[in-house]
Amino acid sequence: MATLPPTVTDDAIGAEGVELTYADGTQAVRGIDLTVPRGEFFGFLGPNGAGKTTTIKTLVTLLRPTAGSITVNGFDALREGRAVRETVGYMAQETSIDPELTARENLRFACDSYGVARSERAERIDELLDLVGLADVADKRADDFSGGMKKRLDAATALVHRPPLVFLDEPTTGLDPKARNRLWEYFRRINERGTTIFLTTQYLEEADALCERLAVILDGEIVSEGSPAELKREVGGEILEVDVDGGESDRQAAADIARSVDLFEADATVDVTTEGITVTSERARSRGTDLLVALRDADIAVTGFNVRAPTLDDVFLAITGEHVETEKGSEPVDSLAADGGTGP
Ligand SMILES: Nc1ncnc2c1ncn2[C@@H]1O[C@H](COP(=O)(O)OP(=O)(O)OP(=O)(O)O)[C@@H](O)[C@H]1O
């Protein structure tokens, strides 16, 4: 591991009142307080443009905050930027690997950049190739790799100096589920070795599967924080989904009935969806059939009915008023076949 100062706190990241306003006046980050304990797998969620990447860039000292204080691995990000950079790994959204070089050469180059001692390089590189399942293709050019393999190599280059804290900015965007799952395995493994992980992702099931704790950022401010289970509890009950035959006016009429009948608590939420309505309520399960009766009495044809526990997507919807956008309009860059066959 990279050397930490002798008087480190138990926190990998401590940020207070951090603000970042770009030169054109865009207030991307507006007063963020954040604590990430050492060893935690932490997730940072938010819609596009909410300020996730800007926050990461201030934490890794690529951007200087307009206000506030940041401590990373016990170092002051404003006064000890170099020490911060030496003790963190950063996997940016844009790949940092050189397609002309082999996997091994890319890692050698990263060792050079991070000043890894020559005597340690060969062993370190072999260990990382093994960790991310690229040992078999170590001497092939990265250009021939699938999207998933490139991302794994990219993650490995962020780890050559054995940083105790790694920032992963949307590391699985555009990958198919199989390649994504494979990366999750490696991230879990890195975390189990004691590395603190700060992850941003647009895939809520990814955050749910990996993260011990999450913060949601909206318009440059953290609006919610907690474990995935805590955030789901905040949604307030279960989700009753009712599919309704007919058009928008029928769905609207169904929603009006759900709001007017005395079945659900006052703060239950009723939303119109493309298929019908959803009711988020502590009584979703116990009063669901009563709602069906009320809808039938109003001559509204119900074609489907389901009660389920909230997901992080429901959390996101409740907090931001929108579902998470996933692919940003792009096709997955990976394919099942292209990612197979290497590593464990
Ligand atoms: N160099 C820049 N100059 C001016 N404004 C910027 C710059 N970079 C980002 N922004 C703006 O700052 C805000 C936050 O952007 P940021 O990239 O941090 O969000 P994000 O949550 O990471 O979004 P995404 O998921 O799309 O990457 C946005 O309004 C964005 O347009």
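Is D299 buried or exposed? Select D299 and look around it. D299 counts as exposed because its C-beta has 8 C-beta neighbours inside 10 Å, and a residue is exposed at 12 or fewer. The residue lies in the loop between α10 (284-297) and β14 (302-308). Check the backbone while you are there. Phi of D299 is near 65°, a positive value in a residue other than glycine. Keep in mind throughout that this is a predicted model.

**Zoom out**

Show the whole protein. There are twelve helices and 14 strands. Along the principal axes, the C-alpha atoms fill a box of roughly 80 × 45 × 40 Å. Colour by burial next. Of the 344 residues in the protein, 44% are buried. Now turn to contacts between residues at least 6 apart in sequence: 71% of these join residues at least 24 apart.

**Residues 13-244**

Select residues 13-244. An unreviewed UniProt entry places the feature "domain: ABC transporter" here. Over this range the chain is 35% helix and 28% strand.

**The ligand shell**

Go to the ligand. Which residues surround it? Select Y22, D24, T26 and A28, then G46, N48, G49, A50 and G51, and finish with K52, T53 and T54. Colour the shell by class. Seven of its residues are polar, three are nonpolar and two are charged. Which helix gives the most to this shell? The answer is α1 (residues 52-59), with three residues.

**T53, inside the shell**

Stay on α1 and pick T53, which sits in this helix and belongs to the residues around the ligand. Leave aside the neighbours within four places in sequence. T53 is then in contact with Q93 and D169. V29 and T53 are 24 residues apart along the chain, and their C-alpha atoms are separated by 9.9 Å.

**T61, beyond α1**

Move to T61, in the loop between α1 and β4 (67-72). Phi of T61 is near 70°, again a positive value in a residue other than glycine. Is T61 buried or exposed? T61 counts as buried because it has 21 C-beta neighbours inside 10 Å.

**Helix α3**

Select residues 103-114. This is α3, twelve residues in all. From first C-alpha to last it reaches 17 Å, close to the 16 Å expected at 1.5 Å a residue. Now look down the axis. The buried residues of α3 are A103, R104, N106, L107, A110 and C111. They cover an arc of only 160° around the axis, so they lie on the same side of α3.

What covers these buried residues? Show α4 (118-131) and α5 (147-157), which are included in that cover.

**Last stop**

Step just past the end of α3 to G115. This glycine takes a positive phi of about 70°.

How values were computed: Residues numbered from 1 in each chain as written. Predicted model: local features only at pLDDT ≥ 70, side-chain atom pairs only at ≥ 80, totals over all residues. UniProt positions renumbered as here; feature names shortened; annotations may be inferred. Helix = DSSP H or I, 4+ residues; strand = E, 2+ residues; numbered from the N terminus. Expected span 1.5 Å × (residues − 1). Buried ≥ 20, exposed ≤ 12 C-beta atoms within 10 Å, placed from the backbone. Arc of directions from axis to C-beta. Contact = placed C-beta atoms within 7 Å. Near = placed C-beta within 6 Å. Nonpolar A, V, L, I, M, F, W, Y, C, P; charged D, E, K, R; others polar.
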